[in-house]
Amino acid sequence: MSYERSNIKRMTGYASGEQPNQPGIIKLNTNENPYPASPAVAAALADLRVDSLRRYPQPLANDFRRIAAQYHQVGIDNIIATNGGDELLRLVITTFVDVGETIAIAEPSYSLYPVLAEIQGCEVARIDLQDDWSMAADFAARLNATGAKLAFVVNPHAPSGLLTSAERLAEIAQEFTGVLVIDEAYVDFIDPDLHYDAVALTKRFDNVLILRTMSKGYSLAGLRFAYGIAATSLTEPMLYKTRDSYNTDVISQVLATAALSDRAAAAVSWEKVRTERARVKKALENLGFQCADSQSNFLLAQVPSADARYENSELMAREFYQRLKDDGILIRYFDQPRLRDKLRITIGTFDENQQLLQHLESYLRNT
Ligand SMILES: Cc1ncc(COP(=O)(O)O)c(C=O)c1O
């Protein structure tokens with residue numbers, strides 16, 4: 001006897017990247033920051049008293065929201081704190097899209113989006129990105145043609161790392177008739193010289209919601225804390241109606257507040273990741289891989305042309321992924337159209353990246 005709703009019965013759940021806990025594994029598969037969180041976070045953790053857990057947390061995480069509002073130069077009511085970015089994604093769907101309505105996604109992108117849409121019983125419209133992973137000139141018109149109530153775009157794009165300018169996003173927000181979620185999970189790794197800033201769009205457009213997470217830039221993936229920035233017509237229904245009553249816990253509120261208050265420490269890690277990103281890209285290209293230009297903390301690398309040892313590039317990519325895994329290095333392989341001949345590699349520390357490069361070089365030499 002199955003008690004599941006029929007759409008839940010039909011669907012397949014989200015496949016998380018592997019999270020092994022054996023020591024010695026080099027983990028370049030889930031885009032975590034390879035450097036530790038700020039010492040201010042460690043100090044706040046050490047100061048936490050078990051008695052602080054006796055009471056419920058602040059329902060809306062107001063201490064955190066105040067800091068986030070100051071940082072982004074918006075009102076506190078323009079900020080919603082959530083239990084990871086994934087909770088915010090689920091909240092926007094349940095708040096703004098009815099069962100049977102359509103959610104549009106740029107394809108390919110974060111594979112959780114269609115899963116969340118299916119849970120809600122929504123239709124998913126996939127708008128293909130162009131060969132260079134950019135959005136076509138008629139992207140917004142195509143979103144509108146699907147009748148979507150909500151669209152997800154991730155910027156910098158995952159899994160390629162391509163950055164779309166805020167001006168281009170403004171054009172899309174202007175034309176799109178639904179809610180545009182700009183998922184900025186990887187925003188902290190953008191080269192500051194590019195002066196990217198899409199938060200201002202939330203003041204110009206009441207249909208734009210920006211997702212930020214503490215998981216990547218702030219080295220707190222294990223904490224589960226993120227936030228959204230938007231006009232109050234988007235934040236308030238989630239803050240006061242659809243959010244779980246205590247959706248973020250005492251510990252995560254304290255540590256996320258400490259982290260966001262000490263951005264300078266996190267920024268040192270972002271710069272190191274950028275330096276390594278450039279070095280690893282060049283090294284991969286020297287080995288014959290083709291990498292998209294990434295403004296994120298990962299690279300999407302197309303394997304070199306398959307030689308006689310491999311039937312085709314897809315089998316070569318799959319084998320490289322598996323051989324790396326057997327050798328204790330985890331990266332991500334996506335068994336989906338346009339990605340089967342590519343490997344997505346998170347930027348690690350210098351030593352981790354060297355290990356990766358040395359292994360790939362040895363596979364290419366067939367040793
Ligand atoms: C594109 C994208 N958006 C959102 C998230 C959610 O991150 P979290 O739930 O850790 O905040 C991730 C995590 O990998 C992601 O890759």
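This is a predicted model: local features need pLDDT of at least 70, side-chain atom pairs count only at pLDDT 80 or more; totals for chains, interfaces and linings use all residues.
1. Let's begin at the ligand. Which helix gives the largest share of the shell around it? That's helix 4, residues 84-96, which supplies three residues. There are 13 residues around the ligand, and the ones that come nearest are Gly84, Gly85, Ala185, Thr213 and Ser215. Sorted by class, the shell has six nonpolar, five polar and two charged residues.

2. Stay with helix 4 for a moment, and find helix 9 (residues 232-242). The two pack at an angle of about 90 degrees, and their axes are 10 Å apart. Angles of 65 to 115 degrees count as roughly perpendicular, so that is the label for helix 4 and helix 9. On the helix 4 side you'll find Leu91, Thr94 and Thr95, which meet Pro237, Met238 and Thr242 of helix 9.

3. Now for another pair: helix 2 (residues 39-47) and helix 10 (residues 250-261). Their axes are 8 Å apart, and the packing angle is about 155 degrees. Helix 2 is therefore roughly antiparallel to helix 10. As for handedness, their crossing is right-handed.

4. Who touches whom in that pair? From helix 2, Ala40, Val41, Ala44 and Leu45 meet Val254, Leu255, Ala258, Ala259 and Ser261 in helix 10. By class, this contact has eight nonpolar residues, one polar and no charged.

Methods. Residues are numbered from 1 along each chain as its sequence is written. A residue is near a molecule or strand if its C-beta atom, placed from the backbone, lies within 6 Å of it. Helices (H or I, at least four residues) and strands (E, at least two) are DSSP runs, numbered from the N terminus. Ala, Val, Leu, Ile, Met, Phe, Trp, Tyr, Cys and Pro count as nonpolar, Asp, Glu, Lys and Arg as charged, and the others, Gly among them, as polar. Axes are lines fitted to C-alpha atoms, for helices over the stretch in contact, and angles run from 0 to 180 degrees between N-to-C directions. Angles under 35 degrees count as roughly parallel, over 145 as roughly antiparallel, 65 to 115 as roughly perpendicular and the rest as oblique. Two residues are in contact if their C-beta atoms, placed from the backbone, lie within 7 Å. A crossing is left-handed if the near helix is turned anticlockwise from the far one by less than a right angle, and right-handed if clockwise.
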